[in-house]
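Subject: Structure handover

Hello,

The structure is pasted below for you to look through. My notes on what was found follow it.

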Amino acid sequence: MQGFGRYKDGVQGGEDTACSGTEATMIRENPSAVMDSSDSQRKKIAVIGGGLVGSLNACFLAKRNFQVDVYEAREDIRVAEFARGRSINLALSYRGRQALKAIGLEDQIVSRGVPMRARMIHSLSGKKSAIPYGTKSQYILSISRENLNKDLLTEVEKYPNAKVHFGHRMLKCNPEEGRLTVLGSDKVPKDVTYDLIVGCDGAYSTVRAHLMKKPRFDYSQQYIPHGYMELTIPPKDGGYAMEPNYLHIWPRNTFMMIALPNTNKSFTCTLFMPFEEFEKLLTSSDVLDFFQKYFPDSIPLIGERALTQDFFLLPAQPMISVKCSSFHFKSHCVLLGDAAHAIVPFFGQGMNAGFEDCLVFDELMDKFNNDLSMCLPEFSRFRIPDDHAISDLSMYNYIEMRAHVNSRWFIFQKNIERFLHAIMPSTFIPLYTMVTFSRIRYHEAVLRWHWQKKVINKGLFFFGTLIAISSTYLLTRCMSPRTLDYLRRPWDWVTYFQNTG
């Protein structure tokens, strides 16, 4: 990021200047170490939503010595008997790790994840082949959504100037006046006023719904025709039933199944498939026949009984993609995470993009010395192209994961990209590396990817033409005159018939 002291363009592995764990700990113990401005201490900020992005952003804001109130409609998931909500496993990568590092949580979270260094492709015949994500030192982490949320909520409560209000639902939002109406467990609506309202309340954001009533606020949403269903591969003999350090994929062109490892030696499987295909599977026999046809090697891993039970436990869940513009309203309200840009999960960047939102916002607060009237418009201007770009890339990556990985041409191109990256690491960077292992801006990664594809395709065309010409030349040089004369005869026949016709 140009002009931002902590924004990193480089690929993972370079020097990192983000806030260290020790510095973050000092900040929690002494929030005034960040700033001594009495004006900042007077500012009150409401964060709507205590999910992953909301709780992380509350840490960043509390670190700046603002008075932070987090309103979460659900009960405290740390004490709840059953945590409602999505349970798709998360893939934590460089962008998300940098945000966690800035608040001193990276090491703790990473220690609870399982590294995944490559995709493991399961063909219909049962053959398995690995496609590395990057270099040997690069990997993504399989993380439990629930455990990560618990850790972040615990971190928020370590700040004396931050409070999480569980069981509090926002009823109304008046961004012009910074006023909220919230409903707590006492069922009595209560009006509260804040200097800034931060909407981190997910894809179906109530805060965004109020901003949509404002002039010149653009909004679009798209439900993709595919749904998802979760299954489980239990541990086997006290260990993993499959190779643990991979993201396992069963690509079947129009649908796919994936499996991510958990620290308890199990795998969380997710079946992504068109709703019309789900609707065809009405009985246990239908499910077993379907899996026997398309995922035969998974049946002994999941277990027939568990498969048929889990398949009908919950209906297939929808996936929505949301885009809006802008992300802010004056200096009083801003949207982050899924509230601003819900994306489908196929690039593993939903959480990472949301966490990077928090980090970019924090860097802008540094740049503009906590001036919200400057920070919020710049956040929208800077972040919208990137978040729209990763939304489009996530749609593309679903096609790649369920279909392209079966193609030999795709594997060949990946090998070329890795070779070019090895010999020219600064010039050629694979798209996945730019998105997952760097903080190169998403929209810049897309532009660079398109340029690299053109260069590679032109290079392949050039070398292909050169080989064809060289082969033809060598062939003619090696052939005897009599053979060449014989090859010319068909052309003589054509000339003869043209002249007689």
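Is D151 buried or exposed? D151 is buried, at a relative accessible area of 12% (buried means under 20% relative accessible area, exposed over 50% and partly exposed in between, with a 1.4 Å probe and protein chains only).

Some background first. This is a predicted model, in which local features need pLDDT of at least 70 and side-chain atom pairs count only at pLDDT 80 or more, while totals for chains, interfaces and linings use all residues. Residues are numbered from 1 along each chain as its sequence is written, and side-chain values use heavy atoms, leaving out hydrogens and water.

Salt bridges

The whole structure has 23 salt bridges (a side-chain nitrogen of Lys or Arg within 4 Å of a carboxyl oxygen of Asp or Glu). One of them joins D151 to R112, with the closest N and O atoms 2.7 Å apart. D151 is in helix 6 (residues 145-156) and R112 is in the loop between helix 5 (106-110) and strand 4 (114-116), so the pair ties together parts that are 39 residues apart in sequence. Helices (H or I, at least four residues) and strands (E, at least two) are DSSP runs, numbered from the N terminus. R112 is partly exposed, at 44% relative accessibility.

R439 and E363 also meet in a salt bridge, 3.0 Å from N to O. This pair links distant parts of the chain, 76 residues apart: R439 is in the loop between helix 16 (431-436) and helix 17 (442-478), and E363 is in helix 13. R439 is buried at 1% relative accessibility, and E363 is buried at 3%.

Helix 13

After helix 13 comes N369, with a positive phi near 55°.

Aromatic rings

There are 20 aromatic pairs in the whole structure (rings of Phe, Tyr and Trp, the last by its six-membered ring, with centres within 6.5 Å; planes under 30 degrees apart are stacked, over 60 edge-to-face and the rest tilted). F290 and F291 make an edge-to-face pair, 5.8 Å centre to centre with 75° between the planes. F291 and F295 make a tilted pair, at 5.3 Å and 55°. One aromatic cluster is formed by F255, F290, F291, Y294 and F295.

Regards
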